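Colleague: I would like to go through the labels on this model one at a time. For each, tell me which value stands behind it.

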Amino acid sequence: MLKVWASVITGAFLLGSVQAVHAAPQDQPAPLGNLAPKLITGESWSAPQGVSGEEKIWKYLESKQESFQIGKSVDLKKQLKIIGQTTDEKTGTTHYRLQQLVGGVPVYGGVQTIHVNKEGQVTSLIGSLLPDQQQQVSKSLNSQISEAQAIAVAQKDTEAAIGKLGEPQNAPKADLYVYLHNGQPVLAYVTEVNVLEPEAVRTRYFISADDGSILFKYDILAHATGTGKGVLGDTKTFTTTQSGSSYQLKDTTRGQGIVTYSAGNRTSLPGSLLTSTTNIWNDGSAVDAHAYTGKVYDYYKNKFGRNSIDGNGLQLKSTVHYSSRYNNAFWNGVQMVYGDGDGVTFRSFPADPDVIGHELTHGVTERTANLEYYGESGALNESISDIFGNAIEGKNWLIGDLITLNAGALRSMENPKLYRQPDRYQDRYTGPSDNGGVHTNSGINNKAFYLIAQGGTHYGVTVNGIGRSAAEQIFYDALTNYLTPTSNFSAIRAAAIQAATDLFGANSSQVDAVKKAYTAVGVN
């Protein structure tokens, strides 16, 4: 069993509470508590002469050690590990991503991003460390159960709620973390149950490494409430692959491929690869899913130089005709899945490119900032998917308008209140439903993005818009380089300001627009 000696403290970078799935207590705290990440922005710290490369990061952190409430005797290099480093060719900024460790075990959510401009100055930090003087814990933290046992606990719990589980969509694993539970650091395994049978479920579990109890759980299944004709009758052209005398709905020209399957109104994935003897395709749902997935790939590649959602050419799989009259679409961490709709509330979900862009962007977020899908970070996760899904379509400011049969749309970025979303932070939803309002409070950040791109006056604050393209660049940079899993609304304001500064300069109209837009929606 693993034994860790630790001296840690709670409460530096945490978020608000949500309701866990499957009837967990409503007053149960969220995995990361209820305080926000620490932000240090707007400064230009220069390293001492002769210090270069990664050593600048350590000198900077040492200079901030007291503000983090970390004792000078602590060796930060033993508490922090650099887990990522990229340099933006456009701006010259180098972005570092660090993970906090305690006794060699990562702290759940303990991620920081630190940024060095082309002049070699540290400009900002998002995320924070666990300080060591609020609450000392000097005792052994013991793992009494194994990874396999933690996985079994999670699977048994899900099975009790929905019935015998089908095959997992990902190979089950459990990672050990130092985890803050009820204000106390404990050892916990973090694992997922990700199955399609007897229903589509993707639930994250936090399992005590001491006694195997379930400390917290919540649902992270990200939902969206040849030639051929799409669902709406429009003719599209797209890439297929000839195999013998037939053609497959498989595009090998983009990354590691785009492949489209049909579940045949069943729930097994990925289903059957779609084929045609003529290369003329009459399945509108399949045509739209295949063509629009290619459009999403091209958007990220041409706009940001990103090769598929993981940056490394990940194959993009889609399955249409999932289940019967299924009123949803989702990204399950492995692939896209689309229902046909019931023909009353929704038509077939692939009909709308912003739905496909929204869901695949969940995959981009999962592989970059990895925003936790609850509370404010979850609302930002949803908003980021709305922002880029809408940008990929680029026709209006509505989300899901081509699949809704009666309501007009699912959401409006221009006027969130049309679809019962708040358009400023003080009106946010604070209850336990919907993972703490991830689909509701996304309207706040959506409105900020709209104001940055389009401009307007909102609650007495006038913003001069900078256009969609510049706004998209700012938010992509903020997502991929600045945000951390626990980022809240204040963090995305800071991240967007710093990204705009990198791209356009500190005194630019773009930075001014970002600042005023977030002020207009009440985020400081």
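What follows is a set of questions on labels and the values behind them.

Modeller: Keep in mind that this is a predicted model.

Colleague: Why is Arg493 called buried?

Modeller: Arg493 has a relative accessible area of 14%. Buried means under 20%, so Arg493 is buried. Arg493 lies in helix α10, residues 489-504.

Colleague: What makes the approach of Arg493 to Thr519 a polar contact?

Modeller: The side chains of Arg493 and Thr519 are joined at 3.3 Å. The cut-off for such a pair of N or O atoms is 3.5 Å, so the pair qualifies as a polar contact. The side chain of Arg493 also reaches the backbone oxygen of Val523, at 2.9 Å.

Colleague: How far apart are the C-alpha atoms of Arg493 and Val523?

Modeller: They are separated by 7.2 Å, though the two residues are 30 apart along the chain. Leaving out residues up to four places away in sequence, Arg493 touches Val514, Lys515, Tyr518, Thr519, Val523 and Asn524.

Colleague: Why is α10 described as largely enclosed by the rest of the structure?

Modeller: Because 12 of its 16 residues are buried. Among them are Phe489, Ile492, Arg493, Ile497 and Asp502.

Colleague: What is found at the ends of α10?

Modeller: Asn488 caps the N-terminal end, with a side-chain oxygen 3.4 Å from the backbone nitrogen of Ser490. Just after α10 comes Gly505, with a positive phi of about 105 degrees.

Colleague: How do you know that the span of α11 agrees too?

Modeller: The 12 residues of helix α11, residues 509-520, should span 16 Å, and the end C-alpha atoms are 16 Å apart, so the values agree. Gly522 follows α11 and has a positive phi, near 80 degrees.

Colleague: Which residues of α11 are buried, and what covers them?

Modeller: The buried ones are Gln510, Val511, Ala513, Val514, Ala517, Tyr518 and Ala520. Their cover includes α8, β28, β29, α9 and α10.

Colleague: Which residues have the most contacts inside the largest nonpolar core?

Modeller: Tyr300, Phe388, Phe475 and Tyr518, in a core of 78 residues. Helix α4, residues 284-304, gives the most to this core, with 10 residues. Phe388 touches residues including Tyr299, Tyr300, Phe304 and Phe475.

Colleague: Why is Arg202 called buried?

Modeller: Its relative accessible area is 5%. The limit is under 20%, so Arg202 is buried. Arg202 is found in strand β11.

Colleague: What makes Arg202 and Glu192 a polar contact?

Modeller: Their side chains are joined at 3.0 Å. That falls within the 3.5 Å cut-off, so the label applies.

Colleague: Which residues are closest to the centre of the largest pocket?

Modeller: Glu192 is one of them, along with Lys173, Tyr177, Arg204 and Asn370. The pocket holds about 1,200 Å³ of space, and 46 residues line it. Strand β10 gives the most to that lining, with 6 residues.

Definitions and conventions: Residues are numbered from 1 along each chain as its sequence is written. This is a predicted model: local features need pLDDT of at least 70, side-chain atom pairs count only at pLDDT 80 or more; totals for chains, interfaces and linings use all residues. Side-chain values use heavy atoms; hydrogens and water are left out. Helices (H or I, at least four residues) and strands (E, at least two) are DSSP runs, numbered from the N terminus. Buried means under 20% relative accessible area, exposed over 50%, partly exposed in between (1.4 Å probe, protein chains only). Contact means heavy atoms within 4.5 Å. A polar contact is a pair of N or O atoms within 3.5 Å; within protein, one must be able to donate a hydrogen and the other to accept it, and residues adjacent in sequence count only if both atoms are side-chain atoms. A nonpolar core is a set of buried Ala, Val, Leu, Ile, Met, Phe, Trp, Tyr and Cys residues joined through side-chain atoms within 4.5 Å. On a 1 Å grid over the protein atoms alone, a cavity is a set of points where a 1.4 Å probe fits but cannot get out, and a pocket is an open set with protein on both sides within 12 Å along at least five of seven lines; lining residues have an atom within 4 Å of a point. Grid points are joined across faces, edges and corners, and a volume is the space filled by probe spheres set on the points. The expected span of a helix is 1.5 Å times one less than its number of residues.
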